[in-house]
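I opened my notebook to record, entry by entry, what I looked up in this structure. I wanted each entry to stay with one part of a chain before moving on.

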Amino acid sequence: MSGLVLKDITKSFGSFKAVDTANLSVPHGKFVCLLGPSGCGKTTLLRMIAGLEDPSSGEILLDGTDITPVPTHKRNLGMVFQSLALFPHLSVGDNIAYPLRIRGASREDQKKRSDELLKLIHLSGFSDRPVAKLSGGQRQRVAIARALALSPKLFLLDEPLSALDAKLREAMQVELRQLQQRLGITTFVVTHDQREAMTMADLVVVMGHGKILQAAPPIEIYRKPADAFVADFIGMTNLLDATADRLGRVSVLGQAIPNLVMPEGLTKASVSIRPEDVHLGPVGGDAIAGTVTFVRDLGGTIETFVEAGGKTIVAVATPRERPEVVAGQQVGLILPAEACVVLKS
Amino acid sequence: MKREAPKSLADYSPLFFPGLMLIVFFVIPFSTMIAVSFFQRDPSGFYTPDFVFTNYARFLSLFFGKVLGFSLVLAVMVAICCVVIAFPFTFLLTKRPRKVQTIWLVCLLSVLSLSEVIIGFAWSTLFSRTAGITNLFVAIGLMKEPVALLPSFWAVLTGMVYQALPYTILVLYPALVRLDPTLLEAARTLGASPVRAFMNVVVPALRNTIVATLIMVFVFALGSYLLPQILGRPSHWTLSVLITDQAIYQSNMPFAAAMAVFLVLMSLALVGLTLLVGRRENAL
């Protein structure tokens with residue numbers, strides 16, 4: 001098939017498996033975020049796609065051909081490093097034109113292409129500046145332009161925005177996504193920031209302990225996490241122990257949830273429900289009784305912490321939806337069945 | 001961070017000790033040497049205080065000019081050979097595991113503990129006809145019969161490069177260890193082969209270090225006076241050899257001092273020129 005396919009990729013360092021039988025298939029033009037906590041193997045996986053590390057086993061296919069034995073400099077890819085790795089002895093223009101220089105392009109062609117790219121990243125006229133004279137955000141753009149100079153098939157970025165301050169990072173996320181959509185280039189970004197992944201990705205690949213735990217569009221990852229690790233890592237969630245009652249319904253904190261059936265063969269499970277899906281109402285009926293312990297009013301949203309059966313459950317709502325509750329008040333928690341995800345525990 | 005300029009005398013106190021050492025062991029002996037270079041030689045004794053230029057005038061001859069030229073060319077060649085060998089070697093060394101690096105560095109340090117005399121005689125044995133490496137070449141069929149490789153210019157050069165190489169590696173090592181490895185990886189993702197990436201990225205990024213190392217080895221090689229005598233012909237003798245000869249065997253201190261002053265001035269001029277060229281290139 002066309003696109004990038006990872007087949008049973010494993011990378012071991014001694015007895016430690018940094019990446020453990022990773023399988024992934026990405027069609028052309030997709031924006032993929034490799035997401036996970038530090039040490040989960042996401043950077044190692046990216047470096048194997050780049051050819052900077054050799055997989056211990058498995059193969060990497062690009063448009064059906066195995067590129068595993070191809071050395072990095074023949075893979076036709078662009079990569080942005082966490083440190084950016086701009087060449088300190090070259091000017092901005094020469095940095096961007098470096099891949100063309102390697103391939104023996106004429107001086108005029110180099111200049112033409114680097115000016116074109118500088119325009120693309122809104123840095124026209126910066127060509128002759130030394131790299132050291134640029135701000136963090138500008139360097140970021142130059143690194144991106146240099147990686148794109150040859151219109152590569154693959155665009156790889158290793159935590160590219162981690163050195164920027166929060167505001168600039170958010171702006172660059174949007175810019176990077178728009179740039180990728182304009183160029184239609186297959187892009188892999190390594191990040192540990194789930195917000196960043198949600199902003200940019202077509203496909204989020206969540207990794208933990210060297211394994212790919214789930215690969216799906218961001219909203220699906222958010223709504224239907226594959227396991228408790230993914231649910232906990234992506235956004236805020238309430239993870240509650242659940243059991244099956246006599247009728248096969250899921251029961252949480254001693255209260256059965258209407259219309260939520262325990263999957264076949266399970267007696268114990270976890271239920272994940274997002275804070276914005278938890279509704280607060282009067283005590284009684286199907287509601288789980290609890291006591292409000294703290295209310296965090298952030299203006300735009302209100303987070304209510306409710307203690308029930310020794311667990312703290314967070315509910316988030318806008319001020320418009322939420323009748324005023326105060327700490328110490330008894331409330332009923334309603335967990336709508338359609339918002340609950342039952343996970344193997 | 002802005003540092004405050006030292007104000008009181010006590011602020012300058014850390015400088016007293018190194019300052020004193022510099023005065024006692026450098027400024028005084030060097031001034032004495034400059035003074036002696038203007039003294040009159042006394043053939044029956046040592047020298048008498050005077051202010052004459054005869055010592056310098058005697059130096060300005062074709063013979064001494066040739067020796068000076070040879071000394072400078074030899075030192076430059078030693079410096080270039082050392083850096084050309086040591087730079088890639090040290091670069092590859094920094095890519096090895098920590099433990100391997102330590103073993104190599106310890107071995108190199110142990111070479112430093114050898115005196116110039118031992119190095120000289122070891123190489124003179126290795127280059128000899130009777131017990132030298134050419135016997136090995138004969139044994140494996142590369143040569144018909146063993147030959148003596150010394151005395152020759154190449155023997156002198158080899159010995160001096162061998163002696164200066166550990167210093168070169170130890171000076172280059174810290175800079176190469178600190179070099180960001182992603183620079184090289186970035187060059188490779190942009191299509192540069194490993195060798196090309198090394199030439200395009202590592203060498204230019206460390207140009208100042210390379211220039212500094214060249215100067216250090218150059219100065220180091222300029223002072224060598226034993227190896228040229230052990231491994232070379234009289235035509236391969238450096239100015240340092242002649243200075244020793246004049247000072248110790250001919251008891252002509254004023255002339256030896258004049259040659260030494262001249263040598264120092266010439267090497268300072270060369271070092272200055274190198275730095276000047278380096279700065280101009282940096283400005284571009």
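**Entry 1: annotated spans of chain B**

I began with the UniProt record, an unreviewed entry, which gives the annotation "transmembrane region" to residues 12–39, 59–91, 103–123, 153–176, 197–227 and 255–278 of chain B. I noted at once that I am reading a predicted model. Taking two of these spans, I looked up residues 59–91 of chain B, which are 94% helix and 0% strand, with end C-alpha atoms 43 Å apart. I then turned to residues 103–123 of chain B, where the span is 86% helix and 0% strand and the end C-alpha atoms lie 24 Å apart.

The record, again as an unreviewed entry, also places the feature "domain: ABC transmembrane type-1" at residues 68–274 of chain B. Over residues 68–274 of chain B I found 77% helix and 0% strand, and the end C-alpha atoms are 19 Å apart.

**Entry 2: helix H3 against helix H10**

How do two packed helices get described? I reminded myself that the angle between their axes and the distance between the axes are used. For helix H3 (residues 62–94) and helix H10 (residues 207–222) of chain B, the axes come within 8 Å and cross at roughly 135 degrees.

Which residues make the contact between H3(B) and H10(B)? On the H3(B) side I listed several, including Ser71(B), Leu74(B), Cys82(B) and Phe87(B), and on the H10(B) side I listed others, including Ile210(B), Thr213(B), Phe218(B) and Leu222(B). By class, this contact has 14 nonpolar, two polar and no charged residues.

**Entry 3: helix H8 against helix H9**

I went on to helix H8 (residues 181–189) and helix H9 (residues 194–205) of chain B, whose axes come within 9 Å and cross at roughly 135 degrees. H8(B) is therefore oblique to H9(B), and their crossing is right-handed. From H8(B) the contact takes Leu183(B), Leu184(B), Ala187(B) and Arg188(B), while H9(B) contributes residues including Pro194(B), Asn200(B) and Ala205(B). Sorted by class, the contact of H8(B) with H9(B) has eight nonpolar, one polar and one charged residues.

**Entry 4: where the chains touch**

The contact between the chains takes 18 residues from chain A and 15 residues from chain B. On the side of chain A that touches chain B, strand S6 (77–80) and helix H2 (92–102) of chain A each supply at least two residues. That side of chain A has eleven nonpolar, five polar and two charged residues.

**Entry 5: strands of chain A**

I looked up strand S1 (residues 4–13) of chain A, which pairs with strand S4 (residues 57–62) of chain A in the antiparallel sense over five bridges, with Val5(A) opposite Leu61(A). S1(A) also pairs with strand S2 (residues 16–26) of chain A, antiparallel and over seven bridges, and here Phe13(A) stands opposite Phe16(A). S1(A) and S2(A) form a hairpin with two residues between them, and Gly14(A) in the turn has a positive phi of about 65 degrees.

Definitions and conventions
Residues numbered from 1 in each chain as written. Chains lettered and ligands numbered in written order. Predicted model: local features only at pLDDT ≥ 70, side-chain atom pairs only at ≥ 80, totals over all residues. UniProt positions renumbered as here; feature names shortened; annotations may be inferred. Helix = DSSP H or I, 4+ residues; strand = E, 2+ residues; numbered from the N terminus. Axes fitted to C-alpha atoms, helices over the stretch in contact; angles between N-to-C directions. Contact = placed C-beta atoms within 7 Å. Nonpolar A, V, L, I, M, F, W, Y, C, P; charged D, E, K, R; others polar. Parallel < 35°, antiparallel > 145°, perpendicular 65-115°, else oblique. Left-handed = near helix turned anticlockwise from the far one by under 90°. Pairing = 2+ DSSP bridges.
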